[in-house]
Amino acid sequence: MTTQITPELISRQLSERYQQLAAGMPATAGFREAAFQKLLQQEVPSTRHEEWKYTNIRSVWKKLGESAGETTAAPSPHWQGDALKVRLAGGQVVEPAEVETANYIVCSLKKAFEKHQDKLQAYFAKHTHLQDDYFVLLNNALWSDGLFVWVKRGQTLPQTLAVFFEEGQSTLENTRHLFLLEEGAQLECAYFFTGDSPIHSLHNCITEAYLAKDASMKHYIAEAEAFHHSRVLRTFADVEQNANYYNVTFVLGGHVARHDLCAALKGTHAEAHFYGLTYLRGNAHADHHTVVDHIAPKTQSNELYKGVYDGQSAGVFNGKIYVRPDAQQTNAFQSNRTILLTPEASINTKPQLEIWADDVKCSHGATIGQLDEDALFYLRARGIPKAQAKALLLQAFAGEVLDYVGNDSLKEYLLARLQERFS
């Protein structure tokens, strides 16, 4: 008999955790209370919800804590590049506890509420997109820890910030991260999701980034293992005048991955660049939802998402571009390209444009196909085995996204992970 997911059941399961977190962080108690009360009025989204039409997140919810069996995939080695490394396990920052200089701060969000409220209080949870979404409310009520990163005006974090999320130590993790880049500040950050627990788990993660005038943030996300774990990742970026938010996402592992990536271009000449590559096999599932909101004039956005789906894997791409009435002379481009390697693999793609300005350059499109048989024949005719020829073609397809990774060491690491998959 299937257990019906109801507000009453959610209340019984989550109320104790909510009370513990509110008591442990009094500064967040009111915020958590408001979110928790709204949460109790909602249900876990089903495929009847338009934004979840092609992703059955309820099935993930119902499996939490169940054994997924042993995986045959060996864990990938961790990236060993030059970086300031931060590790989270069980939803908590475990090392380092805090790195603070006159020019930047990297610490746990819990600690930031104790020591740096003057810096974060004007920005924490101020994004306006998806405010009443179930998983946003869940995170608002139950976030346990995360990162607070502040970079002073005109300064640069001297190393890449590498954040390693070790998943599976608890069945449901809610982490939250806040990045504040003052005028002219620069930051490069990479997220890595790891874990080899054979238990189904869900990581509900929110990242908020606020980029002041002339600031720049490069944000890389790599899901290359943790095959039994599912994720709902929400990233919200507010981008002011001449600032640039740059995101490259790789989904090469995991059970179900849902990514919502949203940028509000609020200042003249603000830019957002989103690039993504997904390679899945088995019955894995990846769902990319993007929103770029052009609010100010002369803003620019570029999106390129590519996917390769093998076995019975499935993908979703839903990309929205809004061009507001004042956003004249906007440039906005969006493309989704997919290769299906088997008849059982699938993709649902829906690029969207909503334009209220008349002096703009905007385009969007999607293509779905198979490997080029002529190219495959050409390689095999020259003595290259079929498997190797297929891998070469897939690597060439993926290379366009990989080229957007500006960190050479990270690019080599990701290329190695791709070659493992393609071989």
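Strand S1 (residues 83-89) and strand S2 (residues 92-95) pair in the antiparallel sense through 3 bridges; two strands are taken to pair if DSSP finds at least two bridges between them. Strands (E, at least two residues) and helices (H or I, at least four) are DSSP runs, numbered from the N terminus. The structure is a predicted model, in which local features need pLDDT of at least 70 and side-chain atom pairs count only at pLDDT 80 or more, while totals for chains, interfaces and linings use all residues. Residues are numbered from 1 along each chain as its sequence is written, and side-chain values use heavy atoms, with hydrogens and water left out. S1 and S2 form a hairpin with 2 residues between them. Gly 90, in the turn, has a positive phi of about 60°.

An open sheet is formed by 10 strands in the order S3-S4-S5-S7-S9-S11-S13-S15-S17-S19, with mixed pairing. Its edge strands, S3 (98-100) and S19 (346-355), each pair on one side only. From one strand to the next the twist averages 5°, with axes taken as lines fitted to C-alpha atoms and angles running from 0 to 180 degrees between N-to-C directions. S3 is joined to strand S4 (residues 104-108) by 3 bridges, and the two run antiparallel. Val 99 has Val 106 of S4 as its bridge partner.

Elsewhere in the sheet, strand S7 (residues 172-181) runs parallel to strand S5 (residues 147-151), to which 4 bridges join it. Trp 150 stands opposite Leu 180 of S7. S7 also runs parallel to strand S9 (residues 201-211), with 10 bridges between them, and His 177 has Thr 207 of S9 as its bridge partner. S7 is largely enclosed by the rest of the structure, because 9 of its 10 residues are buried. Buried here means under 20% relative accessible area, exposed means over 50%, and partly exposed lies in between (1.4 Å probe, protein chains only).

The largest nonpolar core has 40 residues, of which Val 106, Leu 161, Phe 179 and Met 217 touch the most other members. Such a core is a set of buried Ala, Val, Leu, Ile, Met, Phe, Trp, Tyr and Cys residues joined through side-chain atoms within 4.5 Å. Strand S8 (residues 186-194) gives the largest share of this core, 4 residues. A second, separate core of 37 residues includes Val 44, Leu 138, Trp 150 and Val 232. Beyond its neighbours within four places in sequence, Val 106 is in contact (heavy atoms within 4.5 Å) with residues including Leu 84, Val 86, Val 99, Phe 148 and Leu 161.

Helix H8 (residues 386-402) has 17 residues and reaches 24 Å from its first C-alpha to its last, close to the 24 Å expected, where the expected span is 1.5 Å times one less than the number of residues. H8 has a kink of about 25° centred on Ala 396; the bend at a residue is the angle between axes fitted to the seven residues ending there and the seven starting there. Among the buried residues of H8 are Leu 393, Leu 394, Phe 397 and Val 401. Their cover includes strand S12 (244-251), helix H7 (373-381) and helix H9 (408-422).

Pro 297 lies in the loop between strand S15 (285-294) and S16, and counts as partly exposed at 31% relative accessibility.
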